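Please read it alongside the structure shown here.

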Amino acid sequence: MFEWMRRKIMARIQVKREGMERFKGTVCPNIMKKIDTQTALSRNCHAIWGSGETYEVMHGLDNHVVVLDEHHCSCGMFQMVGYPCCHAIAAMGFHRKEVEDYSSLGKVSAPKVKIGVGRPKKKRIRDGNDIGGTSGPRKGLTHTCSIFGELGHNKAGHNKYRRQSEVPLQFEDEGVPPSPSILISSSSI
């Protein structure tokens, strides 16, 4: 199946390459189709020239501000997709400017990588779907105190564990003294 997919993709890349080598325009055909759609929508827009390259475009009940030299429209589409929206095309039509002059996306460069402070992590961050969960390799181990060698706590929690075991025993009947076996077992903890 992978071999079939590789061949299909290889053939598709070659067909697209040949098509683009024959293409003589400045903007690729897929983008031109989208610009033609926006041009059809711009017929419902009315542009008013402000100053310089600034226009106010009325589209139905909405008003939008278009600055052509900055490739900016208040609807946000011109900045986001890189080709003119219907408001920008209406502003270009006011002075009979070419849409292709405003459809360049510019040079694409690699994103800036932010290097964090400190030593980089060597272990990968575990996902919740990983076997063993996110608790790591120590899950299920019993801690041993290095001071007295007791199980259930470690050296860091030794004082807290000792304080809990020194809590005086509570008897149900306060009037009856405890038996000597209870006192001996409680003092051995």
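The secondary structure of this predicted model comes to 6 helices and 4 strands, which follow the pattern α-α-β-β-β-β-α-α-α-α when read along the sequence. Of the 189 residues of the chain, 19% count as buried.

**Surface and contacts**
- The chain exposes about 15700 Å², and carbon and sulfur atoms supply 57% of this area.
- Among contacts between residues at least 6 apart in sequence, 30% join residues at least 24 apart.

**Nonpolar core**
- The largest nonpolar core has 21 residues, and those with the most contacts inside it are Val57, Val66, Leu68, Phe78, Ala88 and Met92.
- At least two residues of this core come from each of β1 (45–49), β2 (54–59), α3 (77–81) and α4 (86–94), with α4 giving the most, at 6 residues.
- Beyond its neighbours within four places in sequence, Val57 is in contact with residues including Cys45, Ala47, Val66, Ala90 and Ala91.

**Salt bridges**
- The count comes to 3 salt bridges.
- Glu53 forms a salt bridge with Lys97, the closest N and O atoms being 2.7 Å apart; because Glu53 lies in the loop between β1 and β2 and Lys97 in the loop between α4 and α5 (158–165), the pair ties together parts that are 44 residues apart in sequence.
- Glu53 is partly exposed, with a relative accessible area of 21%, and Lys97 is also partly exposed, at 26%.
- Salt bridges that share partners join Glu3, Arg6 and Arg7 into one network, in which the closest N and O atoms are 2.5 Å apart for Glu3 and Arg6 and 3.6 Å apart for Arg7 and Glu3.
- Glu3 and Arg6 both lie in helix α1 (residues 2–22), 3 residues apart, while Arg7 and Glu3, also both in α1, are 4 residues apart.

Technical notes: Residues numbered from 1 in each chain as written. Predicted model: local features only at pLDDT ≥ 70, side-chain atom pairs only at ≥ 80, totals over all residues. Heavy atoms only, no water. Core = buried A, V, L, I, M, F, W, Y, C linked by side-chain atoms within 4.5 Å. Buried < 20%, exposed > 50% of the residue type's maximum accessible area, 1.4 Å probe, protein only. Contact = heavy atoms within 4.5 Å. Areas by Shrake-Rupley, 256 points an atom, 1.4 Å probe, with all protein chains shown as cover. Salt bridge = Lys/Arg side-chain N within 4 Å of Asp/Glu carboxyl O.
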